[in-house]
Amino acid sequence: MSRFDVIVIGAGASGLMCASIAGQGGKSVLVVDSSNKPGKKILMSGGGRCNFTNYYVEPTNFISENPHFCKSALSGYTQWDFIGMVGEYGIAYEERDHGQLFCLDSAKDILNMLLSECDKGGVVVRCKQTVESIEQGDGGYVLTINGNRFQCSKLVVASGALSIPTMGATGFGYQVAEQFGLDVLPRRAGLVPFTFSDGFKQVSERLSGIAVDAIVSCPSFSYHEAVLFTHRGLSGPAVLQVSNYWLAGESISLELLPGVDKQALLLSAKQSEPKILLRTLLARELPKSLVGELQQLFWADYADQALAEMSNQVLESIAEKLANWQLKPSGTEGYRTAEVTLGGVDTKHLSSKTMQCNTVDGLYFIGEVVDVTGHLGGFNFQWAWSSAHAAAQSILNE
């Protein structure tokens with residue numbers, strides 16, 4: 001039977017990070033993953049550029065049944081710590097909107113950095129590994145992996161969640177939690193596009209590929225960013241962000257031309273350009289094809305009337321619709337395209353300082369498997385780095 005101090009299940013962001021720190025601290029570490037290569041989700045993230053963290057990380061950027069849980073780990077290993085390591089490796093990066101940091105070249109730079117850090121610590125990383133059973137004994141844990149037995153004193157579950165199953169995502173971490181008596185909170189897809197089954201589906205199909213600046217709102221949350229029309233509905237940063245808060249059956253609101261007083265725009269144009277058509281006026285600010293769809297929805301009866309021929313009441317009504325376009329998603333695209341999974345291992349069972357299970361010695365849960373979900377913008381990676389660091393430090397300190 002092979003023996004390691006630490007076995008980490010999952011060769012993703014949190015698993016590799018935790019393994020590298022523990023390994024460099026003198027622990028013998030084995031990382032196993034069911035996928036054919038490590039870090040697959042890292043490689044596809046951020047359009048292949050990996051949005052690895054954010055300049056402005058706050059606890060309010062995270063969703064959890066216990067909103068305070070993330071604070072200790074985030075303060076113990078901050079975005080500046082990770083940015084420092086990126087700098088040590090000479091990885092070029094850029095800041096985009098809202099403090100998001102992306103690799104200039106490729107997400108491979110981040111993965112290679114993590115693998116290099118693992119090499120420094122003598123970490124053994126094995127892919128195409130199936131964990132068939134986990135048993136707890138006096139000496140820690142015995143795992144049967146691909147028919148072979150391995151023993152460890154510390155077991156770290158960093159197996160990710162249900163998002164993007166084509167990347168090898170599974171619910172394995174939840175099964176481990178339940179095996180050891182931990183509650184797993186209901187899960188659902190997050191940071192995911194909306195789908196529609198009503199008349200708007202045809203509208204979105206015709207507008208597929210067009211992006212506009214907008215404010216998207218659901219009853220509990222609003223976000224201002226780009227919205228992308230797709231063949232199935234709506235996507236883009238604003239939609240993905242709001243999807244974390246949207247509940248099935250709720251309507252969403254789109255405000256077009258955010259920052260513009262729509263009523264003042266239409267009424268002043270009526271005075272200054274009385275002969276202009278409304279579609280001509282709005283096409284100065286919005287894509288022409290979108291204006292055509294809005295005309296059919298909001299002012300089809302006045303399509304060929306100049307502004308001077310339209311009453312102020314009609315123009316005010318249209319302005320209100322531009323400011324509050326009500327839409328009702330039929331659902332989301334689900335785990336197939338979701339960037340994260342909301343819910344997961346209930347944090348009440350874990351120490352916020354160490355990520356260790358309160359009732360099962362030597363068992364840790366880190367990363368996305370835990371009920372901590374970040375907003376779009378590098379926050380989920382920062383949670384991976386921070387929660388991994390918290391667990392690794394605990395392992396080294398015991």
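Residues are numbered from 1 along each chain as its sequence is written, and side-chain values use heavy atoms, leaving out hydrogens and water. As the model is predicted, local features need pLDDT of at least 70 and side-chain atom pairs count only at pLDDT 80 or more, while totals for chains, interfaces and linings use all residues.

Q: How many aromatic pairs does the structure hold?
A: Rings of Phe, Tyr and Trp (its six-membered ring) pair if their centres lie within 6.5 Å. Planes under 30 degrees apart count as stacked, over 60 as edge-to-face and the rest as tilted. The number of aromatic pairs is 16.

Q: What is the geometry class of the F52 and Y93 pair?
A: The ring centres of F52 and Y93 are 5.7 Å apart. Their planes stand at 90°, so the pair is edge-to-face.

Q: How many residues apart in sequence are the parts that F52 and Y93 tie together?
A: Strands (E, at least two residues) are DSSP runs numbered from the N terminus, as are helices (H or I, at least four). F52 lies in strand 3 and Y93 in strand 5. The pair therefore ties together parts whose separation in residues is 41.

Q: Are the rings of F381 and W385 stacked or edge-to-face?
A: F381 and W385 are four residues apart in helix 13 (residues 379-397), or about one helical turn. Both are buried. Their centres are 5.6 Å apart and their planes at 15°, so the pair is stacked.

Q: Which ring does the charged end of R96 sit over?
A: A charge sits over a ring if NZ of Lys or CZ of Arg is within 6 Å of the ring centre and within 35 degrees of the ring normal. R187 lies over the face of Y174, at 4.6 Å from the ring centre. For R96 the distance is 3.7 Å, and the ring is that of F102.

Q: Which element gives the largest share of the lining of the second largest pocket?
A: The lining has 13 residues, with I63, E65, L342, G343 and D371 nearest the pocket centre. Strand 11 (184-190) and strand 19 (340-345) each give two or more residues. The largest share, three residues, comes from strand 11.

Methods
1 Å grid on protein atoms, 1.4 Å probe; cavity = no way out; pocket = protein on both sides within 12 Å on 5 of 7 lines; lining within 4 Å. Buried < 20%, exposed > 50% of the residue type's maximum accessible area, 1.4 Å probe, protein only.
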